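Subject: Structure for your review

Dear colleague,

I am passing on the structure below, and I would be grateful if you could look through it alongside the notes that follow.

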Amino acid sequence: MTVIGWIQILLYCAIVVALVKPLGWYMTRVFNGEHTFLSPVLRPVERGIYWVGGVDERREQHWLTYAVAMLLFHVGGFFIIYGLMRLQAVLPFNPAGQSAVAEDLSFNTAISFLTNTNWQNYGGESTLSYLVQMLGLTHQNFLSAATGIALAMALIRGFSRSSVRTIGNFWVDVTRCTLYVLLPICIVYTVFLVWQGIPQTLGAYVDATTLEGGKQTIALGPVASQVAIKMLGTNGGGFFNANAAHPFENPTALSNFVQMISIFALGAALTNVFGRMVGNERQGWAILAVMGVLFLAGVTVTYWAEANGTNALQALGLTGGNMEGKEVRFGIVASSLFAVITTAASCGAVNAMHDSFTALGGMIPLINMQLGEIIVGGVGAGLYGMLLFVVLSIFVAGLMVGRTPEYVGKKIEAREVKMAMLAILVLPLMYLGWTAVAVVLPSAVASMANAGPHGFTEVLYAYTSATGNNGSAFAGLTGNTFFYNLTLAVSMFVGRFFMIVPAMAMAGSLAGKKSIPPSAGTLPTTGGLFVGLVVGVILIIGGLTFFPALALGPIVEHLAMTANTLF
Amino acid sequence: MLREIRPAIIVLVVLTAITGLVYPLAMTAIAGAIFPKQAQGSLIERNGTVVGSALIGQEFKDDKYFHGRPSATVAPDPNDASKTVPAPYNAANSGGSNLGPTSKALHDRVKEDVEKLRAENPSAAVPIDLVTTSASGLDPDISPDAALFQVPRVAKARSLSEDAVRQLVTQNTQGRFAGILGEPRVNVLALNLALDGASSK
């Protein structure tokens, strides 16, 4: 670890925190339907969409209607992506002549982008046409991100409103998020990325004659416009197979730094939106503090482990940390930091190959996802995931002192706690269950690229990433088989919707409750005690759930590595 | 519930058209107008032919060129489409080795490369980036140490003085952005083009 490395990490944190208030202020105005500086241009477009869609923007929805609208929206999105992939060979914008994508891979990819996972069982440049990249994937990058933020808004309204039956209008939330938040930022962001060197063209792949006379086919495409939203919307699906490690997706140290900021920007700002809507910004800062503690702990471990390198490399007299699977322009620190950010948020873009990380360096991304991606988290998804843990923590605190727990003026009762537990328990059921199945199926074991405990970690990582809707991978695992395409798709689906529906049910029941003023017996939820309590609950629940699995994978591998065992 | 079906179709189609067609196509037009070179992939031409992209690494094996990092990219096997064969710096199929910290295959590969490099230049420590594959397999850069390590070989193959070659390395070394972000690096293609330019004078 170096001083310049830590300066990069701290500079990163400072900029993310500095953006929280302005972005939170702007987003609060957007979702409350107030006037913004973009309204003169966008308001007519917004009204036009409501008019053709038959949406009455003043009519709000019950939580069930809100959830059904969200599900219907996804059904349509599924058919668009699946259809485009199956038909890409006969559709335009296909200069590389890609053929139709197989049924199981199309199914997996459609679910993958729908659920904001963006798991890549395909290699972008070798599988997909430009049309699929734009109309199939870029559009779903926007809409799944907008959906996540809309759902977080619905849950926030559950806390901030008193004795009402409605939690907002799904169509209005999604439209506003897309038009006022995501699109304007992405337009500026894309221009920046092209300036840094990311291609944005519909032209065909270029054949170059290298200096030594060889032939090199260089894949191109409308890359920058997709990279912008893949980062901002914490989607993470790369245009190319190597994702943000590819020089065309992330050409410079500056583009890398801005991409890292854009992963956290909206998710962190949503904590401020929460604070503003419940009438006390400090409630938002307390949640961000919980996230910050867990984040810095993760960064420290991964950076330390990667800077130390592996015993095998040290034994050969090599110094300078573990550079296998990392790019020179990023080095150890920017690769480690990116890995922790992308898994803390549910982004899943990678600028280094996590599969080649040291055992402990790669364990932190795994833990981040297993905790439910609540450290800032996916846009929207991170906040509602974190609020589920907050509800549990408040419940635990209530048990300790023997009072009905309350949070930001709402009594937390049996229904809320049940919904929170349902959402939190479904995740380990998926990733532990499918991992257990996969490691006893010979055909599934054959997909592992590494032998020994590392192979087990590859499988555990895949299901964890899918269930958490992250999308990063220990990419050695050959995921494009019938078994993995199907079971990973199931994990992504359950991981997304079995978390969303209970969260919506909780939003509905909270909105119906009266707001009660804090009394002398109310646990203050803006101080260090509360932050410590939530961090503790997260680590205890998380630790109990997945420690045994980690012991079989990265922990055993670390011990093997220090004993100089190779597999 | 039924009245949610109309917006589910129409709002979806309209937003899809805006974000999936209007946005990327408009950005393509804007990018092409403001930054035409970058938008086309930062291609480098020499005597009218495209020799590569400034951002994409390419394979160098000849002694008279600086070599980039090992690359783990593959291509479909021409004899059996279900298998792949090594194809270093395949810019149409990026990817890393994905070998883990306790991989014997990784250890053996690195050991072989280290021994080769030690034989080539026994006077300096082997820089780690010269024996590890990058994440993309297309890393255009090497560390300044890795470039300096190769100076004696390149100078000998080109009958240039080591000082002249070392000077070219220094000229082609890029520092951290604003002195803070990223790592110092040398773009291998740019360095080799400069080298060809210097030799032809």
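In chain B, B:Asp141 stands opposite B:Asn187, which lies in S7(B). Please keep in mind that this is a predicted model, in which local features need pLDDT of at least 70 and side-chain atom pairs count only at pLDDT 80 or more, while totals for chains, interfaces and linings use all residues. Residues are numbered from 1 along each chain as its sequence is written, and chains are lettered from A and ligands numbered from 1 in the order in which they are written.

S5(B) and strand S7 (residues 185–187) of chain B pair in the antiparallel sense through 2 bridges; here strands pair if DSSP finds at least two bridges between them, and the elements are DSSP runs numbered from the N terminus, with helices (H or I) of at least four residues and strands (E) of at least two. The open sheet to which they belong has 3 strands in the order S5-S7-S6 (chain B), with antiparallel pairing. S5 and strand S6 (173–174) of chain B stand at the edges with a single partner strand each, so one side of each has no neighbour in the sheet. Helix H6 (residues 188–199) of chain B packs on this sheet and touches S5 and S7 of chain B, its direction making about 60° with that of S7(B). For that angle, axes are lines fitted to C-alpha atoms, for helices over the stretch in contact, and angles run from 0 to 180 degrees between N-to-C directions; two residues are in contact if their C-beta atoms, placed from the backbone, lie within 7 Å.

**The hairpin of chain B**

Strand S3 (residues 74–77) of chain B pairs with S4(B) in the antiparallel sense over 4 bridges, and the two strands form a hairpin with 2 residues between them. Within this pair, B:Asp77 stands opposite B:Asp80 in S4(B). Strand S4 (residues 80–86) of chain B is hardly covered, since the count of buried residues among its 7 residues is 0; a residue is buried if 20 or more other C-beta atoms, placed from the backbone, lie within 10 Å of its own, exposed if 12 or fewer, and partly exposed in between.

Chain B contains 6 helices and 7 strands. Its radius of gyration, 23 Å, is well over the 17 Å that the globule rule gives for 201 residues, so chain B is more spread out than a compact globule; the radius is taken over C-alpha atoms, and the rule is 2.2 Å times the number of residues to the power 0.38. Along its principal axes the C-alpha trace of chain B spans about 80 × 45 × 40 Å, and 48% of its 201 residues count as buried.

The contact between the chains takes 87 residues from chain B and 106 residues from chain A. On the side of chain B that touches chain A, the largest share, 21 residues, comes from H1(B).

**Two residues of chain A**

A:Trp63 lies in helix H3 (residues 63–87) of chain A and counts as buried because it has 26 C-beta neighbours inside 10 Å. Beyond its neighbours within four places in sequence, A:Trp63 is in contact with residues including A:Ile167 and A:Met504.

A:Thr481, in the loop between helix H17 (453–467) and helix H18 (482–511) of chain A, counts as partly exposed because it has 17 C-beta neighbours inside 10 Å.

With best regards
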